[in-house]
Amino acid sequence: MTSAVETMALRVQVSAFAGPTLPADYAELLREGMGGICLFGTNTAGPNTEAGEESVRSLAAEIRTASAEGGWTPVITIDEEGGDVTRLEALTGSSVLGAAALGAADDLALTEETGRAIGVRLARAGVNLNLAPVADVNSNPDNPVIATRSFSHDAGVAAKHVAAWVRGLESTGVAACVKHFPGHGDTGQDSHVSLPVLEATMATLHERELVPFLAAAEAGAASVMTSHIVVPALDPELPGTLSAPVLGLLRELGYEGPIVSDALDMAGASATRGIPAASVLSLKAGADLLLLGPDKPTSLVREVAAAIVAAVESGELPLERLQDAVARVDGLLADFAGAQQRPEATLDPRFEAHSVEGARRALATASDLTALPDLAGAKVVTVDTEANIAVGDVPWGLPPDVVIRPGDPLPELPEAPLIVQVRDAHRRPEVGRTVAELHGAAVLVEWGWPGTYDGTGLPRLCPQGFSLPGVAAVTEVLRRSGWDR
């Protein structure tokens, strides 16, 4: 028989499995009280999965049924930021603008409606917690993991759009999880694969990093996600997810909701200590809900639970801290599960047109739309690069005529003007070298962060992230210059 402490050790965990159906061993964990499930691309858009809402709705129903058999309500969560990061539309690309484009368009009504559009779809699909929006201020243009997921390099702009997006999402009864506290924007490494350091003073943190999180809290954000970065001004040793001073700062700012760990399988959290030990440290530091990461065996959930129970029994983790974490998770579920969700919510019928207009404005803010040459008969060349782990393997760019990889021998290219599309060329020298070799290149479409790039002298279009409205805006501009596809 499972003890009360063992049950609580399960209640604070959210894990994930591969595939579109609930495995029997995960169903058993949910019956025993595991906190919930995080859905990833393998659940929503794998090779044997019908992508989109319907498949998620079916899987979410299985999860709820298994939890209900044990008398629990589950957290069902997903990363649905819009733009570059989408799970519901992983096979087609997002139908809504991402954060950078929304911040550049600077239309708060559109940003709020975008959050609402995502919430409507998630509520219909049975998801009750969305791991979004990103509140990081992308002040470092070479940031490899935040970039277009951020609303702006300016704290004030980011703050007002974070708040609007939260209001829109939560109007549908889906909880927001604002990330990555205390701010991952001014870093040059990816915490999925390393341990970034944020060299900022306390004054800078208050003037920049913390501003969007305060705005999110004032807007009623239900939860906040931690970051696996070291902030020497607060803690010179431990990453934020495992640091009592870092997580304590969030409470000092007046935030009382649950603190959610970023995925604990990421190198920034567990590379040197393992996931069970990282889980205990995170709870001890003040986190309430532990995300383990994608495609995990149930044995890991039980190992983490055993480590938590052992830490309570040894006194390393106070029982009161574990009880507090469970209470905050239960409070979230009381506010954002079941009857509180509003799957019947509808959108303004003008939203799609509004999104394209926003994409046009975002494109205009970072592009020289008057410098394009004649593009009659032009072909599209994609310089293909891997996305960061947060974005994953999703479509991007215009449908290409030719795809090349940096460093590979160039194929025979069409005798036509070339529309060359790239991602984050400003921080990828190998992309610039490849573009320079493309004789006939006429225009560069930069789908990543619009960093300073002087590599070719080509006119450059910057939609500020990939989305279907962004494709529509770019296509309009190209057609005005004679592109006939």
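Trainee: Which residue in β6 is the bridge partner of Val178?

Mentor: Val224 is the partner. This is a predicted model, where local features need pLDDT of at least 70, side-chain atom pairs count only at pLDDT 80 or more, and totals for chains, interfaces and linings use all residues. Residues are numbered from 1 along each chain as its sequence is written, and side-chain values use heavy atoms, without hydrogens and water.

Trainee: What makes β5 and β6 a pair?

Mentor: Strands pair if DSSP finds at least two bridges between them. Strand β5 (residues 175-181) and β6 have three bridges, in the parallel sense. Strands are DSSP runs of E, at least two residues, and helices are runs of H or I, at least four, numbered from the N terminus.

Trainee: How many bridges join β6 to β7?

Mentor: Two, and these strands run parallel. Val224 stands opposite Ile259 there.

Trainee: Why is Phe17 called buried?

Mentor: Buried means under 20% relative accessible area, exposed over 50%, partly exposed in between (1.4 Å probe, protein chains only). Phe17 has 3%, so Phe17 is buried. Tyr26, at 2%, counts as buried too.

Trainee: Why is the pair of Phe17 and Tyr26 called tilted?

Mentor: Rings of Phe, Tyr and Trp (its six-membered ring) pair if their centres lie within 6.5 Å; planes under 30 degrees apart count as stacked, over 60 as edge-to-face and the rest as tilted. Here the centres are 5.2 Å apart and the planes are at 50°, so the pair is tilted.

Trainee: What kind of pair do Trp447 and Phe466 form?

Mentor: An edge-to-face one, with 5.4 Å centre to centre and 65° between the planes. Both residues are buried.
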